[in-house]
Amino acid sequence: MLWARDASLLPKDRARVRDPRFVKIAIASPEHAPYGRAAKQALEAAGAWKDVAKRTIYGENVQQTLLWASTGNAEVSIVASRSRRAPAAPTSRSTRPSAPRIPPPRRGARDRAGIVR
């Protein structure tokens, strides 16, 4: 889902994050976080990755990604829809689905580095 502090900051869909008014787009690190990989893949599928790759900032996890958007260090973040129910998720938020539902990673699944999640 797309997450921003203010509904007026949200793009209508993930492809519109190309707009230069989105100076920083926060996602979880695609190298370490399954939802970061999913966010990058969603941007690639929308044809926006090449335009936003240099403006993307990477969080160590979803919570840090939400924190950057909630503090204004990024105009928008792309996170899992379940993140809005996380205990540390900011309470005032505006969301918009960014892609079809992406299932959570399987428990016990190994990522590319062989780390069990």
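Q: What does the accessible surface of the protein chain come to, and what share of it belongs to carbon and sulfur atoms?
A: About 6,900 Å², with 50% belonging to carbon and sulfur atoms. Such areas come from the Shrake-Rupley method with a 1.4 Å probe, and for residues only the protein chains shown count as cover. By the way, this is a predicted model: local features need pLDDT of at least 70, side-chain atom pairs count only at pLDDT 80 or more, and totals for chains, interfaces and linings use all residues. Residues are numbered from 1 along each chain as its sequence is written, and side-chain values use heavy atoms, leaving out hydrogens and water.

Q: Why is W3 called buried?
A: Buried means under 20% relative accessible area (exposed is over 50%, partly exposed in between; 1.4 Å probe, protein chains only). W3 has 1%, so by that cut-off W3 counts as buried. Across the protein chain, buried residues make up 41% of the 117 residues.

Q: Where in the fold is W3 found?
A: In strand β1. Strands (E, at least two residues) and helices (H or I, at least four) are DSSP runs, numbered from the N terminus. The protein chain has 3 helices and 5 strands, in the order β-β-α-α-β-α-β-β. W3 also sits 6.2 Å from I78, C-alpha to C-alpha, though they're 75 residues apart in sequence.

Q: What makes N61 a cap for α3?
A: A side-chain oxygen of N61 lies 3.1 Å from the backbone nitrogen of Q63, at the N-terminal end of α3. A polar contact is a pair of N or O atoms within 3.5 Å (within protein, one must be able to donate a hydrogen and the other to accept it; residues adjacent in sequence count only if both atoms are side-chain atoms). So 3.1 Å falls inside that cut-off. Just after α3, G72 takes a positive phi of about 90°.

Q: Which residues does V76 touch, not counting those up to four places away in sequence?
A: Among them are L2, W3, F22 and A69. Contact means heavy atoms within 4.5 Å.
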